Amino acid sequence: MSIRLYDSLTRSLCELRPAQPDGIFRFYNCGPTVYAPAHIGNFRTFVVNDIIRRLLELEFGANKVKHVRNLTDVDDKTIKRARDEQRPLADVTQQWTAKFHADCASLNCLPPHVEPTATGHIPEQVDMIAVLMKKGNAYRAADGSVYFKVNSFEAYGALSRVKERELQTGSALKATPADADEKEDVSDFALWKAHKPEDGANAWDSPWGRGRPGWHIECSAMSKKHLGETIDLHTGGVDLLFPHHENEIAQSQCCNGTPFSHHWYHSEHLLVDGKKMSKSLGNLYTLDELVAKGFSPMALRYALLMGHPRKQLSFSLDSLHAAESALKTLRTYRAALDGRSRAEATTTFAPIFTALADDLNIPGAFGALFTIVNRGPAGVDLAAFDRVLFALGFQLAALDLPPVEAPAAIVTLAAKRWAAKQAKDFAGADAYRQELTTAGWNMKDAKDGYSLEPLKP
Ligand SMILES: [Zn+2]
């Protein structure tokens, strides 16, 4: 299997492979801002990235993947939340970090190997800004804020094609009113934000005065610290493509003088009932709200994977019902598999991995999976099926197992065996038992009858 994934920078499908001779695949995924519970739109990105992580592990080996995902724990939103609640910033961000971790665990997302925080990497960010100042890519404004000079980076806009968009619409590079006066050019963005009264105690010393880092620089600094100057894959939701990822490229490449990431991948938005999620529409679901409605976190994971990750997906409560039912089918199927490995078993599920490795064609993988499941459990290897469950991240133990009803053919076979046994035709009875075993069923004999159960590992 080789994993091919769409690259947002070259706009083509490219194979994922580690560039460094140590064979470690370096993977950076922009993480959450920890000031409130993440909503299901956020989790679509994290669940899709979890599939990428799992495929990378299957392809290169679990110890050959290094996955870094940051926590944004200082910005306007986190500071506002702390101020509104009259609590220290760290108190608020720790609370929501713990909640994010609990939600990720419920959704069976593998934790990243390193989860750095912005406030834990202030010196690294200051160092990077200092290099950008020295190289002439940044300047200090009158108020003590430091800005990146977008015109100093020739390749700016290559990822988002923002300059082309600007020529077409004249509005792509808009200044935010708050800092418009301080900047030399409207397209410049903040690397360091001078302290304002509303920031309270949330400020650090720097060569340019007290303040806090701009948002974009944290990912450049933390990626460099934990993965090196050039990484293999950088991902995030499509909303981060511009300006966040464009700015990360500009900062990292100007500072380091090396390419930043070999590959860029963006997953698309989640819609709810066909509409954009928003507080005013009341459709910003959290995991807890869906659990309170009686849905399992695994059903949410499944529902978030129902569409192609590079296409918008419309989520609905109906899709959760469908997900619950699909997972129960998988659970029943797994219970009917026995633990013996068979020669043909490894190829049974190959179409699923082929689909996943083909630009994360998850709908294609689901289609292939249910084609196999609908053929029945006979001859299918449990370990091979569990590898599929690992790739998709489905934790079936968390679901309730409905009683398993034996198909009509199995019931008939059992009746024939019972009759043979009553007639003392033991060779015949053994042959029927063998047929039942092959089909994945066990017949438990009692004095005056029998029962059927799916074979378990
Ligand atoms: Zn980022």
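This is a predicted model: local features need pLDDT of at least 70, side-chain atom pairs count only at pLDDT 80 or more; totals for chains, interfaces and linings use all residues.
The C-alpha trace of the protein spans about 100 × 50 × 40 Å along its principal axes, and its secondary structure comprises 16 helices and 15 strands. The domain assignment divides the protein into domain 1 (4-267), domain 2 (271-398) and domain 3 (408-454). The centres of domain 1 and domain 3, taken over C-alpha atoms, are separated by 62 Å. Of the 457 residues in the protein, 40% are buried, and among the contacts between residues at least 6 apart in sequence, 74% join residues at least 24 apart.

In soluble globular proteins, nonpolar side chains tend to be buried together. Here the largest nonpolar core contains 99 residues, and V47, I129 and L191 are those with the most contacts inside it. Helix α1 (residues 40-60) gives the most to this core, contributing nine residues, and the core draws at least three residues from each of domain 1 (4-267) and domain 2 (271-398). When its neighbours within four places in sequence are left aside, V47 is in contact with L107, C109, R301, L304 and L305. Apart from this core lies another, of eight residues, which include I410, A414, L436 and M443.

Helix α4 (residues 122-134) has 13 residues and reaches 18 Å from its first C-alpha to its last, close to the 18 Å expected at 1.5 Å a residue. Within α4, the residues E124, Q125, V126, M128, I129 and L132 are buried; I129 is also one of the residues with the most contacts inside the largest nonpolar core. The buried residues of α4 pack against the strands β5 (138-140), β6 (146-148), β7 (189-194) and β8 (211-213), as well as against the helices α6 (215-227) and α7 (241-256). The helix is followed by G136, whose phi is positive, near 85°.

Helix α6 likewise has 13 residues, which should span 18 Å at 1.5 Å a residue, and its end C-alpha atoms are 19 Å apart, in agreement with that expectation. This helix is mostly covered, with 12 of its 13 residues buried; among them are W215, I217, A221, M222 and L227, together with E218, K224 and H226. The packing partners of the buried residues of α6 are β3 (25-29), β4 (65-69), α4, β7, β8 and α7. Just after α6, G228 takes a positive phi of about 100°.

Residue L9 lies in the loop between β1 (4-7) and β2 (12-15). Not counting residues up to four places away in sequence, L9 touches A158, L159 and W264. L9 and A391 are 382 residues apart in sequence, and their C-alpha atoms are 26 Å apart in space.

An open sheet of three strands has the order β12-β11-β13, with mixed pairing. Strands β12 (275-276) and β13 (313-315) stand at the edges with a single partner strand each, so one side of each is left without a neighbour in the sheet. Strand β11 (residues 270-272) pairs with β13 in the parallel sense over three bridges, and L270 stands opposite L313 in β13.

Conventions: Residues are numbered from 1 along each chain as its sequence is written. Two strands pair if DSSP finds at least two bridges between them. Helices (H or I, at least four residues) and strands (E, at least two) are DSSP runs, numbered from the N terminus. Domain bounds come from an automatic or database domain assignment. A residue is buried if 20 or more other C-beta atoms lie within 10 Å of its own, exposed if 12 or fewer, and partly exposed in between; C-beta atoms are placed from the backbone. Two residues are in contact if their C-beta atoms, placed from the backbone, lie within 7 Å. A nonpolar core is a set of buried Ala, Val, Leu, Ile, Met, Phe, Trp, Tyr and Cys residues joined through C-beta atoms within 7 Å. The expected span of a helix is 1.5 Å times one less than its number of residues.
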